[in-house]
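Open the model in your viewer and keep the sequence panel beside it. The stops below go one selection at a time.

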Amino acid sequence: MRIKILACAALLMLVGCNAPVSQSVADSQRAPSSDVRQNFINIVFKRSYRHEAGEVVWARISSVVLLEPEKKIYAYCVRVVPKHSWGDWAYLGVSFTDGQILGATANDYRCQDKRLRYYPFPELTGMKT
């Protein structure tokens, strides 16, 4: 019996390590504002990549969530399908506060959380990845 309890506890710890986001974070979702969308394009996309037409064939932006309430840090994800890899999503997790992007993580596992809502992001369609 003790071995079963230890095995279950170990399994729960492993699952917890890969848990996408807490329920309270998931519950804080709100649709991304036009300011969030434009800020992403201006700061992250245009400065990090060359702007050439035709590379992004499909783009989505997630809800904005409150990641760290005490620091007022928010986060969202952007996922795109580049032309050269149709069907394969590329994810980018972005954190920000007061309209300033703090950081971004490529292929952030939290972006694949099934509770996270995604919205069309046509502003990125046609841009180069």
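Select Val78 and look across to strand 4, where Leu92 stands opposite. This is a predicted model. Now widen the selection to residues 90–97, which make up strand 4. Strand 3 and strand 4 run antiparallel, joined by seven bridges.

Next, colour strand 3 itself, residues 73–82. How many of its ten residues are buried? Nine are, so the strand counts as mostly covered, with buried meaning under 20% relative accessible area.

Move to strand 1, residues 56–62. Strand 1 also pairs with strand 3, in the antiparallel sense, over five bridges. Pick Arg60 here: Arg79 in strand 3 stands opposite.

Then select strand 2, residues 65–68. Three bridges join strand 2 to strand 3, and the two run antiparallel. Val65 has Ala75 of strand 3 as its bridge partner. Follow the chain through the hairpin formed by strand 2 and strand 3, with four residues between them. Stop at Lys72 in the turn, where phi is positive, about 55°.

Last stop: Asp108, in the loop between strand 5 (100–106) and strand 6 (118–120). Is Asp108 buried or exposed? Asp108 counts as buried because its relative accessibility is 6%. Show its side chain together with that of Arg110: the two make a polar contact at 2.8 Å. Leaving aside neighbours within four places in sequence, Asp108 is in contact with Tyr91 and Gly93. Finally, draw a distance from the C-alpha atom of Asp108 to that of Cys77. They are 31 residues apart along the chain, and the separation is 8.3 Å.

Note on methods: Residues numbered from 1 in each chain as written. Predicted model: local features only at pLDDT ≥ 70, side-chain atom pairs only at ≥ 80, totals over all residues. Heavy atoms only, no water. Buried < 20%, exposed > 50% of the residue type's maximum accessible area, 1.4 Å probe, protein only. Contact = heavy atoms within 4.5 Å. Polar contact = N/O pair within 3.5 Å; in protein donor to acceptor, adjacent residues only side chain to side chain. Pairing = 2+ DSSP bridges.
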